[in-house]
Amino acid sequence: MAADGLHENETLASLKSEAESLKGKLEEERAKLHDVELHQVAERVEALGQFVMKTRRTLKGHGNKVLCMDWCKDKRRLVSSSQDGKVIVWDSFTTNKEHAVTMPCTWVMACAYAPSGCAIACGGLDNKCSVYPLTFDKNENMAAKKKSVAMHTNYLSACSFTNSDMQILTASGDGTCALWDVESGQLLQSFHGHGADVLCLDLAPSETGNTFVSGGCDKKAMVWDMRSGQCVQAFETHESDINSVRYYPSGDAFASGSDDATCRLYDLRADREVAIYSKESIIFGASSVDFSLSGRLLFAGYNDYTINVWDVLKGSRVSILFGHENRVSTLRVSPDGTAFCSGSWDHTLRVKHFRVTNEAEIWVE
Amino acid sequence: MERMVVTMQDPDQGVRMRSQRLLVTVIPHAVNGEAAEGGGGGGGVPAEASAHPGVCRAGSDIVEWLMQKYSIAEDEALHLGSLLVQHGYLYPLRDPRRLELRPDETPYRFQTPYFWTSTLWPAAELDYAIYLAKKNIRKQGTLVDHEKEHYHQLHRKINHAWDLVMMQAREQLRAAKQRRKGDRLVIACQEQTYWLVNRPPPGAPSVLEQGPGRGPCTAGRVPMTKTLDFYRREVECLRRALGRARVKSSTCLEAYLKFSSQHGPHDPIMSGCLPSNPWVTDDDAYWAMNAPSVAMPTRLRVEQWAFSFRELLEDPVGRAHFMDFLGQEFSAENLSFWEACEELRHGGQAQVPALVDAVYQQFLAPGAARWVNIDSRTMEQTLAGLTQPHRHVLDDAQRHIYLLMKKDSYPRFLKSDLYRDLRAEAVVPLETKRRVFPFMRKPRHSSPSPALLPASASGEPVGGDGDGET
């Protein structure tokens, strides 16, 4: 009926304007308690000294762009996925390949290692997330035991196991995130709210273990309650797609890397952005970010083939690392913080050792 | 990138320019790259009657300028400059086949904005065909292998329009002949650069490639239709967010300082690790000593249990000792209950009913063997919820018990003799220096994959212990 149609249009417009005014009020509220900047507080912290960096392992074996990687909890194994559909499990300490699977799709943009170390999950343009139990049985074809867990209506951009092997959290180009039961493939909870593709997610190391953050092409980073499916907090200060989000080790904040060439730190208790990591000479997007164990350093991989290392507290750049011959697509610090691994479109993964030193130390290389 | 390029061309602050002789022609505004004596150059030969907005700069001048303007080191400036060239914003006047930046006297010019990659002017096949045809006509045999291949392919593909292609090509060449030689050369370079970016030779990475779903082709992508639901949700989320309790910035930021300084010594990147970083010395003793269920935890590890309750519980060894302590205090059922709740929350959906029942029988039922002391209101609500068991039915009870342990048992644990003894007995490994001579390097031990070991019931990681000696 014409009357109903009009009613709907009014509601849409009025909702939109209500949302805008609420956003304005929210910014006002957030500003009220902002009494100091991070770099001011950090003035009394000692500046970081020299550092040494060396690539310790180069993993070659992917015939195509490496898109994603994840460490195993044993601190030496990792899984990586690439554009040609290959997913490989490496013992990166010895550089041996332990398992390899070819997915039936290309652009495997997401992969994750199960907490037990007994399975991996991956997905991409097939719009699904599949779990492969890892087997050393030579007679068994890994693909035979594959479990199709998640089903989205667009590409899978990120996936992560929760605290156990039995649940998986996924993010997709269809604008939603979802929590799945691995055994049955049942959808446990879905998360709607992004206005465009969701590109990344990270689980909170919080005490209650019930939230996660996601970032998307709508420039928003959203924090979700896993139980209710509701968005708890949202931050919209980036100027372009958010490619990567990662929690600060204490769980009270998270960092994001974006195509606007900046990384930003958002504090959850203060409910605002508290730091921007940028430099005029950095003009390419950041594709992947991760913290060192103590949260003092933020490693960020960029589309200009470099990795920039930021002092989280002081906001300055500690170092720029070269070494890849194409854009860095994924970067993760190892679970015990002894090294970090970067994967790139140049087909390689590199495990790098980075160490901040005092000038008094003599480093024998 | 374009902002940078535009700044570089600024006559006052941009890269220094000079005129340059190239072969027999004089290129207006060619900037040479000798070591600039500092100061952005506005000098040099004033603009001659050149139709082209682009002006020349030279390799090392460009690097210098980048270094000064953005306060970066030479390697970064070179890298950045190279990227600008690779993306076609700058092109070399000599040897225009290779898009790379040489930090010497090699002259470069700025690409005209018409050819910028961001204009998203689709590099159509027809245009490419015309370009190749022109090249072929002008000088037989200048087409490189891959270009020849493309040429033949296109010839087959758009055979029907081939007359048009040849006609366009000849027409453009004729028009070009009417320009001055200098301008002609410049235009040819510009075009060549454009096609080098859009049709890179085999082996060279294509800088235009983007991931699926994003990139230049999706620039005009239609955003998700924002339905009524979308805005309703957004409004709800915003209302909730407004009601949120906030903490002032100074408190939050101080917390980072505290966290970083507390955890600094535990961060191998900041403070190294003992006996040595396995990646550096190829010795995995560090991993063996810090295996999840090692008998003798290191001093650092034991100290970390005092940082927060969460960190104590996350460590299997810490948790086990805490359980022992609770046993001494006759409240071990609290931790067991908490663990059972974790298993429920993170376990498989199919196990939910059985687990809930088991928990009820063991911990919640009146007269249960290991009855946990929850406040009556929470207990009532929990018991009521048990009629319809789901993964989160024990969340409130779990939270209650967690807070109880955190506020009560945990502080006592930290002051206990048990903990003090653990700290005193904890191992402090001796440092193993890196061997200087590489040929004495230890062989890297492989370790059994976690996938080979039987998985524990709670799905906790069974870490791969290294073979290294303890």
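This report describes the chain B fold, the interface between chain A and chain B, and a few individual residues in a predicted model.

**Chain B**

Chain B holds 20 helices and five strands. Of its 470 residues, 47% are buried. Contacts in chain B between residues at least 6 apart in sequence join, in 62% of cases, residues at least 24 apart.

Three domains are assigned in chain B: domain 1 takes in 1-19 + 53-119, domain 2 covers 125-198, and domain 3 covers 291-425. The centres of domain 2 of chain B and domain 3 of chain B, taken over C-alpha atoms, are 75 Å apart.

**The interface of chain A and chain B**

The size of an interface is often given as the accessible area lost when the parts come together. Between chain A and chain B the buried area is about 10100 Å², and carbon and sulfur atoms give 60% of this area. On the side of chain A, the residues that lose the most area to chain B are Phe93(A), Glu207(A) and Arg269(A), which together give 7% of what that side buries. Chain A brings 130 residues to the contact and chain B brings 106 residues.

Nine salt bridges are counted between the two chains. One of them pairs Arg57(A) with Asp282(B), with 3.0 Å between the closest N and O atoms. Helix H1 of chain A, residues 2-32, gives the most to the side of chain A that touches chain B, with 13 residues. By residue type, that side of chain A divides into 54 nonpolar, 35 polar and 41 charged residues.

Ser250(B) is a residue of chain B with contacts to chain A: Ser250(B) touches Asp35(A) and Val36(A). Ser250(B) belongs to helix H9 of chain B, residues 249-263. Ser250(B) counts as buried because its relative accessible area of 18% is under 20%.

**Val427(B)**

Val427(B) lies in the segment after helix H20 (417-425) of chain B. Its contacts, not counting residues up to four places away in sequence, are with Met296(B), Pro297(B), Thr298(B) and Arg299(B). With a relative accessible area of 27%, Val427(B) is partly exposed. From Leu99(B), Val427(B) is 328 residues away in sequence and 57 Å away in space, C-alpha to C-alpha.

**Backbone geometry**

Most residues other than glycine have a negative phi, and most peptide bonds are trans. Two residues of chain A have a positive phi although neither is a glycine: Thr95(A) and Trp107(A).

| Residue | Phi | Relative accessible area |
|---|---|---|
| Thr95(A) | about 65 degrees | 30% |
| Trp107(A) | about 50 degrees | 11% |

Thr95(A) is in the loop between strand S4 (86-91) and strand S5 (96-102) of chain A, and is partly exposed. Trp107(A) is in the loop between S5 and strand S6 (110-113) of chain A, and counts as buried.

In chain B, the peptide bond that joins Leu274(B) and Pro275(B) is cis, with omega about 0 degrees. Pro275(B) is placed in the loop between helix H10 (268-271) and helix H11 (278-281) of chain B.

Conventions: Residues numbered from 1 in each chain as written. Chains lettered and ligands numbered in written order. Predicted model: local features only at pLDDT ≥ 70, side-chain atom pairs only at ≥ 80, totals over all residues. Heavy atoms only, no water. Domains from an automatic or database assignment. Contact = heavy atoms within 4.5 Å. Buried area = accessible area lost by both parts, 1.4 Å probe. Salt bridge = Lys/Arg side-chain N within 4 Å of Asp/Glu carboxyl O. Helix = DSSP H or I, 4+ residues; strand = E, 2+ residues; numbered from the N terminus. Nonpolar A, V, L, I, M, F, W, Y, C, P; charged D, E, K, R; others polar. Buried < 20%, exposed > 50% of the residue type's maximum accessible area, 1.4 Å probe, protein only.
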